[in-house]
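Let's take a walk through this structure together.

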Number of protein chains: 2
Amino acid sequence: MSLDQVLARIDADLDDSLERLLALLRIPSISTDPAYKADCARAADWLVEDLASMGFDAASRPTPGHPMVTGHGGEGGRHLLFYGHYDVQPVDPLNLWNRDPFDPAVEETADGKVIRGRGSADDKGQLMTFVEACRAWVAVNGSLPCRVTMFFEGEEESGSPSLVPWMKENAEELKSDLALICDTGLYDPQTPGITTMLRGLLGEELTITGPDRDLHSGMYGGPAMNPIRVLSKILASLHDDDGRVTVPGFYDGVPELSDEIKAQWEGLSFDSDGFLGAVGLSRPAGETDRTPLEMIWARPTCEINGITGGYTGDGFKTVLPSKATAKVSFRLVGQQDPHAIRKSFRAMVEEMLPPDCTAEWHDHGASPASVMSTENPAFEAARQALSEEWPNPAAFIGSGGSIPVAGYIKSVLDTDSMLIGFGRDDDAIHSPNEKYHLSSFHRGIRSWARILDAIAKE
Amino acid sequence: MSLDQVLARIDADLDDSLERLLALLRIPSISTDPAYKADCARAADWLVEDLASMGFDAASRPTPGHPMVTGHGGEGGRHLLFYGHYDVQPVDPLNLWNRDPFDPAVEETADGKVIRGRGSADDKGQLMTFVEACRAWVAVNGSLPCRVTMFFEGEEESGSPSLVPWMKENAEELKSDLALICDTGLYDPQTPGITTMLRGLLGEELTITGPDRDLHSGMYGGPAMNPIRVLSKILASLHDDDGRVTVPGFYDGVPELSDEIKAQWEGLSFDSDGFLGAVGLSRPAGETDRTPLEMIWARPTCEINGITGGYTGDGFKTVLPSKATAKVSFRLVGQQDPHAIRKSFRAMVEEMLPPDCTAEWHDHGASPASVMSTENPAFEAARQALSEEWPNPAAFIGSGGSIPVAGYIKSVLDTDSMLIGFGRDDDAIHSPNEKYHLSSFHRGIRSWARILDAIAKE
């Protein structure tokens with residue numbers, strides 16, 4: 001019944017653990033594209049079967065969108081809720097992948113072995129680290145060390161429309177002493193982190209219409225307003241010369257870092273040059289008076305995630321298009337109110353529209369930032385457990401990404417979340433050639449075994 | 001041997017003329033898309049066969065791109081060169097068509113019968129008006145009224161890369177007393193025009209690269225430069241608040257209208273409100289101190305014809321893309337030098353690039369504006385012939401579009417061109433649901449018969 005036996009079992013079972021992950025990765029569960037609806041259901045069923053095989057009372061639970069997966073196992077001790085998501089991002093541009101994104105494999109790289117495929121890091125590989133830790137624990141000890149509720153979502157990559165209503169309806173079943181979320185990254189390949197600051201996310205899609213049909217730019221160019229020109233002007237105005245976002249009221253509720261956090265982050269000696277250099281950049285964009293680490297972890301941003309209008313195929317077509325569309329997202333911090341910012345952004349755009357042009361809006365979700373309380377002693381226990389497994393001690397860190405579920409778990413279930421994950425900055429999540437290091441997977445499983453051991457008892 | 005007999009023959013043969021046009025329209029000869037290469041060759045072969053059937057010595061002539069079609073017929077009198085193009089624009093967005101663009105048909109509309117299908121107006125329908133006029137002439141008189149050289153291009157919609165080299169190589173064969181080009185429009189449905197001012201065209205494609213791969217906007221948003229933001233800033237800067245193009249030196253060589261032309265155009269009582277209202281607009285964009293007619297016929301413009309970057313599919317993806325691309329075209333007038341403007345535009349863009357961003361360029365053609373000399377007495381003879389056929393007398397007019405071949409016929413062959421066409425402003429060329437009025441087709445054929453009669457003798 002010792003932790004060492006569980007860790008040994010994990011090491012011995014690694015090949016089989018990997019085979020299971022590859023089987024899950026082969027299911028193209030792209031939640032944002034309706035064409036993959038059946039695949040999302042298939043991924044949920046696969047997980048139900050896997051949880052059931054190790055004694056969980058597991059089920060695929062219908063929602064208006066893709067199903068939730070729940071599993072109840074173990075008893076006594078702390079009641080832990082584990083959250084992960086089985087849906088994945090779209091894969092385009094497909095031609096930039098070095099292999100079929102849904103034919104995953106382990107590849108040798110200069111940086112060690114990696115599991116290549118869509119979802120390997122975000123989030124199937126991470127989700128399975130916890131599942132495999134539970135499996136090893138059950139195999140060695142016959143049962144889990146405490147009560148565990150599994151909770152897997154299938155809509156994380158498409159704005160989680162069903163999440164909050166479903167959590168509200170099933171709150172009694174999900175309420176627990178602490179939630180564990182595995183959808184974040186290491187601080188660096190040697191240093192694990194417990195993420196305690198998360199940015200919020202506001203997603204907007206904007207379509208500008210000028211003329212009511214596509215026109216010939218020779219016949220109408222000049223007198224007819226071009227919606228791409230209007231859209232460009234709007235997008236170009238979203239940042240001022242100092243890189244600050246110009247939406248009125250945008251910085252309301254944005255806190256300055258405390259001296260304590262500032263000192264802690266300076267101690268991390270973040271390598272800005274290396275961070276940017278790894279993706280072919282040398283100078284930080286964004287707010288001119290902030291460091292890159294502060295920008296990612298603690299400052300709000302505005303990004304254009306997609307734009308399209310007119311003729312975009314090969315060759316040339318002298319069209320003056322009727323419509324142009326952009327997808328824009330805002331990362332939020334502190335007390336920024338996503339709904340107020342949405343309203344202000346839309347009003348700003350409407351005010352910039354020339355006569356004859358109209359804007360249509362598509363809402364792609366809104367979640368506020370969250371800051372975790374680390375007062376629960378499980379945080380310090382988990383930090384120590386992680387520090388046993390990895391070369392460097394674990395740190396409490398921020399994250400540039402948004403994990404809205406942590407906020408919902410707090411607001412709907414009144415449960416604190418502890419975010420621990422094993423991804424790396426260069427995992428290419430949301431990009432071609434996504435990968436998850438085999439060492440992230442292996443050490444991730446071992447990390448959860450250690451954490452379970454450390455926090456199972458209240 | 002009278003003109004009346006030829007006109008009667010045209011009327012009697014109209015159904016067959018229409019069937020021939022529909023057969024040609026069924027061939028999807030999209031020149032800009034390599035997938036349609038064989039179809040372009042098929043359209044050329046169809047024309048060769050049709051010309052041969054009425055006695056022309058016709059051939060499909062290879063080029064590095066799509067073939068040229070030539071046909072030699074008739075003898076004596078003025079040697080006329082007739083130019084048209086058999087290639088067509090792409091058809092996307094396909095879902096906006098009310099029928100298969102390559103399954104053409106005659107449709108009843110509130111505005112009379114129209115021939116619906118890609119290429120009906122641009123330029124197969126127009127090209128066939130001249131071919132059918134020749135056919136009727138041969139049928140009635142046994143031969144053409146003068147020497148005619150047919151010259152059909154298959155790359156007009158894709159920048160005409162082979163045109164000038166091929167014309168140079170075959171200049172002796174193409175040299176003639178006057179060129180006729182049928183690729184322009186009526187002034188209005190009752191008023192034919194001979195187009196004597198044509199704008200030039202400069203096409204540019206610009207790709208901005210920021211980071212060397214697609215990034216997660218949560219992880220990199222802020223410190224990493226977003227190429228869509230850079231591109232938007234560049235495009236937004238191309239016009240000043242008065243609607244003038246900001247490229248340095250852009251207005252060099254742009255002439256003011258002579259008082260005479262100004263007076264003539266004012267006499268046309270152009271309906272700006274109706275022109276814009278027909279496409280859902282109410283206020284002219286473009287240069288604030290110019291009228292819409294002046295903007296279209298005599299002012300240079302800059303339009304963004306296409307833009308793409310990041311995720312543009314359904315749903316949302318928080319990507320920070322590596323690249324963003326725009327297609328930009330400039331319409332040129334007077335003595336504007338397309339090559340100088342290209343250089344200035346590229347320099348202006350390069351200067352705006354932030355550190356770490358690069359621009360790649362793709363050249364999509366450059367042709368200067370052209371102004372036809374109307375001194376050749378054939379112009380006045382043709383004007384009178386057109387005036388016989390249509391409700392209102394014909395006018396010498398300008399055109400917003402670009403017909404570069406007219407300039408090449410002058411520079412390479414030293415031959416003047418007379419541009420006469422029967423399209424309407426709302427024909428939706430380059431757009432979904434392209435159509436050509438049956439009356440344009442029928443009266444167009446009759447117009448050419450009259451013009452041939454009027455100008456065949458030197």
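**Where the two chains meet**

In this predicted model, 85 residues of chain B are in contact with 85 residues of chain A. How much area do chain B and chain A bury between them? About 7,600 Å², with 56% of it on carbon and sulfur atoms. Across this interface there are 40 residue pairs in polar contact, both residues being at pLDDT 80 or more. Salt bridges between chain B and chain A, on the other hand, come to a count of 0.

Now look at the side of chain B that touches chain A. Strand 11 of chain B, residues 301-310, gives the most to that side, with 9 residues. Sorted by class, that side of chain B has 34 nonpolar, 32 polar and 19 charged residues.

Strand 11 of chain A and strand 11 of chain B pair in the antiparallel sense over 5 bridges. Along this pairing, Thr308(A) stands opposite Thr308(B), and Gly310(A) stands opposite Gly306(B).

Step back and you'll see an open sheet of 8 strands, with antiparallel pairing, in the order 14(A)-9(A)-13(A)-11(A)-11(B)-13(B)-9(B)-14(B). Strand 14 (358-367) of chain A and strand 14 (358-367) of chain B stand at the edges with a single partner strand each, so one side of each has no neighbour in the sheet. From one strand to the next, the twist averages 20°.

Finally, find helix 12 of chain B, residues 338-352, which packs on the sheet. This helix touches strand 9 (200-209), strand 13 (323-332) and strand 14 of chain B, and its direction makes about 165° with that of strand 14 of chain B.

Terms used
Residues numbered from 1 in each chain as written. Chains lettered and ligands numbered in written order. Predicted model: local features only at pLDDT ≥ 70, side-chain atom pairs only at ≥ 80, totals over all residues. Heavy atoms only, no water. Contact = heavy atoms within 4.5 Å. Buried area = accessible area lost by both parts, 1.4 Å probe. Salt bridge = Lys/Arg side-chain N within 4 Å of Asp/Glu carboxyl O. Polar contact = N/O pair within 3.5 Å; in protein donor to acceptor, adjacent residues only side chain to side chain. Helix = DSSP H or I, 4+ residues; strand = E, 2+ residues; numbered from the N terminus. Nonpolar A, V, L, I, M, F, W, Y, C, P; charged D, E, K, R; others polar. Pairing = 2+ DSSP bridges. Axes fitted to C-alpha atoms, helices over the stretch in contact; angles between N-to-C directions.
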